[in-house]
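Thanks for coming. I will take a few minutes to walk through one structure, chain by chain and contact by contact.

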Amino acid sequence: MTDLHQLTIHEAQDMLRRGDISSVELTQSVLDRALAVDNDVRAYICLLPEEALAQAEAADRRRAAGDDTPLLGIPLAIKDVICIQGVTTTCGSRILENFVPPFDATIVARLRAAGAVFLGKTNTDEFAMGSSTEYSAFFTTGNPWDLERVPGGSSGGSAAAVVAGEALGAFGTDTGGSVRQPAAMCGVVGLKPTYGRVSRYGLVAHGSSLDQIGPLTRDVEDAAILLGSIAGHDRMDSTSLNVAVPDYVREMKTGDGLKGMRVGVPKEYFTEGIEPGVETAVRAALDLMADLGAELIEVSLPHTEYAIPIYYLIATAEASSNLARYDGVRYGLRVDAPDMWQTYYDTRQAGFGPEVKRRIMLGTYGLSAGYYDAYYLKAQQARTLLRRDFERVWEQVDVMACPTSPTTAFKIGQKVDDPLQMYLSDVFTVSLNLVGMCGISIPCGFSDGMPVGLQLMGPALGESIILRAAHAYEQATEWHKRRPNLTERMF
Amino acid sequence: MPKLTLEEVEHIATLARLGLSGDEKETFREQLSAILDYAEVLNRLDTTGVPPTTSALPLNNVMRPDQVTPSLPTEDALANAPDTDADQFRVRAILE
Amino acid sequence: MPYEPVIGMEVHVELNTASKMFCGCSAEAFGTPPNTHVCPVCLGMPGTLPVINEQAVRYTVMTGLALNCTVQEHNVFARKNYFYPDLPKGYQISQYELPLCQDGYLTIDVGDGHPTEAGQARRVRIRRVHLEEDTGKLTHVDGYSLIDFNRAGVPLMEIVSEADIRSAEEAYAYVTRLRQIVRYLGVSSGDMEKGAMRCEVNLSLRPVGSDEFGTKVEVKNLNSFRSVRNAIAYEIERQTRLLEAGKPVTQVTMGWDEAAGVTREQRSKEEAHDYRYFPEPDLPPLNLEPAWIEAVKGSLPELPDAKRDRFMANYGLSRYDADVLVEDRAVADYFERAVRVAGDTINPKLVANWVTGELFRRMNETATAITSVKIKPEDLVALIRMVKGGTINQPAAKETFGVMWETGRPPQEIVEERGLKQISDAGELAGVVAQVIADNPDPVAQFKAGKETIIRFLIGQVMKATRGKANPQLAEQLLREQLQSNE
């Protein structure tokens, strides 16, 4: 029998239902694994072994009483920008190092009701601002495939935990690619839902018009299961869509897979800057999709080259405002000065790291008197043009396929001092956030031993169709079954 | 020639209530200038008459009925506060 | 050179919704124990999101309509970014480019000193009415500030006028009129003393006849209607003195010191404001349907001007009486209920006299609001009817009214119990009259000698003998008959 901690969620569900295993056994196995490898991987900011085991016991009791909710007894990890009542939520920042929210995020409440077990909070770039976890105020997570490399980010901790066997699945957040890019770099599945599909209540805001919570899992079916468990309307989030949630697993398996599906290949996503190994793997994946019956159609998203500047002007503007609440008054770090004005400066200087400061500065500049029209407004107008690109393409195709990231995981330290280079690693992911549509990254090969991700993009509320395409591709490949070799060392 | 002057960097930092060291100011001046230079590419786009997209959502009129729901116990409201006095948050006075 | 003040006003009105603007906490902030009406949303905790209170939108639209504004169909909330310890999120959710209501006016009367004449009506244009959230409350103690966030997130309506006001009296009329309207609409208590209504004044002077604007001075800290009037009067005088001395007026913010009766320059914040407004990404736009706006319009209560005109036309009231009665909607409602009960039996003017006379006198003496008055309108009518029908006389009516005021009991019961019924029966009264004539030979002699006025004394004696119950007209009639017959 495989190690329990390496099971997919749907495999574990089956075994729990059959009574082959208990949630306590499953949870214990995952916790043991985490204790054995996390000193190297450093996926977790905080692990909650006692709470997790208590939840697992409760889940086993619920099951004994006849309960069979979808995630009953499944141990999951939560990115540390999502609030769990009574559990420190740091956002990877010194400024919230000791913040304990008195409320659950909506998705946490839903997972709790569904019987999920919370293993702990995973590492993230500070306030989810970054593409490598190097901007976490605490430490950098290692990529389980090569600990010298980054796991991607900002949901790097969640991606690493899933591939390293430290959680059966995890949740991350995606503002400009922060679920899909680390999923690609760690060789797992990562899904960014349509904006409004999943409640943002309790997700600590980065870019409010862009943020979505999404699952990171070991296969596509697990992504469908987790998405189904968190999606749906929430009165606490005015930007949440009041649209019925389909049975994603069933819809994923309905129909003929890729047969007859029109798959757009956006030509702007195969130009300069792609690592050759990435392009090779993605091209091979496209060929396989064609073999599986997909009709490949070259399409054009002409405003792609503007996506990065649009994204960084909008996301930073929203972030500069969202982060104004960290002032040391009601919660979080305070550095006391003789008067309150100075307290603001000192608190925020000490509490925020360099990337967060950089983005607050950029965003503040773009909104300030005299620059609003040239930067923020211009970016919002260009965003409209980008959205029109996508709307035109959806008239021709069902999904689009492209690389998730132009490179595989880079070395720790390689880009940390060059913000612009770091920003450019989001070039294939930010557009979907700007247009509010959905996307999924799935493993599609390796380049020099590091995983490569294939991104499938879908229209608004097109989660079922991208899941179906991804699932059909996954069924024909073995990439998602590969696991890195990690040395287990008990401490 | 960087786009931003040191004075502009300081002005933005003041608006954002962000204390910066001398080194940080210089670094940000260079880095933000480079990013803004890069963003200049947007000026190639003619956006005359193009409406801004503030949200990708097709939503409007999201409201709630005027109903009172329970508040936090005061103790929980104050639990994370760096400084309190009786049932209030406490800060150093604002000196105008 | 004579100068003319040019005044614009920004008035903030706290809406009296049950819950706050963007969360479900109770919106009752005044006098509540600190930080009891707070939650993660209104404390600005990480991850929380706002949801618009429908009633607050409705109240603002009602106010805009009452102020003759155009209600905007497309509305957007915006973030106003600034730091202050009473502002939980580091930004206030407000409205900027697209406020709910625009381009209206308020008609004010500036003839307050001449109650019986129609005042000179003036229109003050309203630039905009928008909706935002209030901040918390700071208390300063020994170098520290204490913060209570109960008020943070209470719906706040901002009403901005054009600079159409030309005197302290007009400003006073403007704010009292605004209060009257928000009270009529039932959207706010309008209590300045409790902070439910707060004013800021922009004031400049210019030579009479000029179209230019002078240097604008902002005046804050106006905590009562009186201070609005006094502060403006003071500031006009201060600026006039400066200008007449050839000194420039500087653009400053002044605070009104009510105790000292002076405005003082407030030290400016350490930087120029740049609020970096941008559309609130957490709130989808409000697109108000024209039909909905029409429905709100249709549901507006009758406003003071219309009510006054109707009272004058339908009830034949004087302008003064009508104005006094419509001042407070609850008083007007009380009066109208009484009139309705009275039907054709009593002239509405008589009802108005009782309300503005005896009832107001008691209310003023005891600082009682109409809503706490124990006398029911139908009982007041019953009392008036008893006077009119001669069942009781004026002194008995006053006594009865006093008991009604204290107890709320119906007048019939009181009159019965106290035996206050007027003696209007000639047979019953004839003996008393005969006795009075017998007991007062000197006055009787004087009367017979032609001293006509002495009859008042004799009537007084009859009243005294009947303990005030005699019908005075009847008493006089009988006296004259008997005095003539025994000549």
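Before the first example, one term: two strands count as paired if DSSP finds at least two bridges between them. With that in hand, look at Val91(B), which stands opposite Ser145(C) in S10(C). Please keep in mind throughout that this is a predicted model.

In general, strands of a sheet pair through backbone hydrogen bonds, either parallel or antiparallel. Here the pair belongs to an open sheet of 4 strands, ordered S2(B)-S3(B)-S10(C)-S9(C), with antiparallel pairing. Which strands stand at the edges? They are S2 (84–85) of chain B and S9 of chain C; each has a single partner strand, so one side of each is left without a neighbour in the sheet.

Between S9 (137–141) and S10 (144–148) of chain C there is a loop, and Asp142(C) is found in that loop. Asp142(C) is not a glycine, yet its phi is positive, about 45°. Is Asp142(C) buried or exposed? With 5 other C-beta atoms within 10 Å, Asp142(C) is exposed.

Arg17(B) sits in the loop between helix H1 (6–15) and helix H2 (22–39) of chain B. Arg17(B) has 23 other C-beta atoms within 10 Å, and the cut-off for buried is 20 or more, so Arg17(B) counts as buried.

Staying with chain B as a whole, its secondary structure comes to 3 helices and 3 strands, and from the N terminus the elements run α-α-β-α-β-β. Of the 96 residues of chain B, 30% count as buried.

Now back to chain C, and strand S11, residues 155–161. S11 of chain C is mostly covered, with 5 of its 7 residues buried. Strand S1 (residues 3–14) of chain C is joined to S11(C) by 5 bridges and runs antiparallel to it; within that pair His12(C) stands opposite Glu158(C). Strand S8 (residues 121–133) of chain C is joined to S11(C) by 7 bridges, again antiparallel. There, Arg128(C) has Val160(C) as its bridge partner.

Next, the contact between chains A and C. On chain A, 38 residues are in contact with 27 residues of chain C. Helices H10 (307–322), H11 (340–351) and H12 (354–367) of chain A each supply at least two residues of that side. The chain A side divides into 23 nonpolar, 8 polar and 7 charged residues.

Last, the interior. In soluble globular proteins, nonpolar side chains tend to be buried together. The largest nonpolar core has 269 residues, and among those touching the most other members are Leu76(A), Ile310(A) and Ala171(C). Beyond its neighbours within four places in sequence, Ala171(C) is in contact with residues including Ile7(C), Met9(C) and Val201(C). Apart from that core lies another, of 34 residues, Leu380(C) and Phe401(C) among them.

Key
Residues numbered from 1 in each chain as written. Chains lettered and ligands numbered in written order. Predicted model: local features only at pLDDT ≥ 70, side-chain atom pairs only at ≥ 80, totals over all residues. Contact = placed C-beta atoms within 7 Å. Nonpolar A, V, L, I, M, F, W, Y, C, P; charged D, E, K, R; others polar. Buried ≥ 20, exposed ≤ 12 C-beta atoms within 10 Å, placed from the backbone. Core = buried A, V, L, I, M, F, W, Y, C linked by C-beta atoms within 7 Å.
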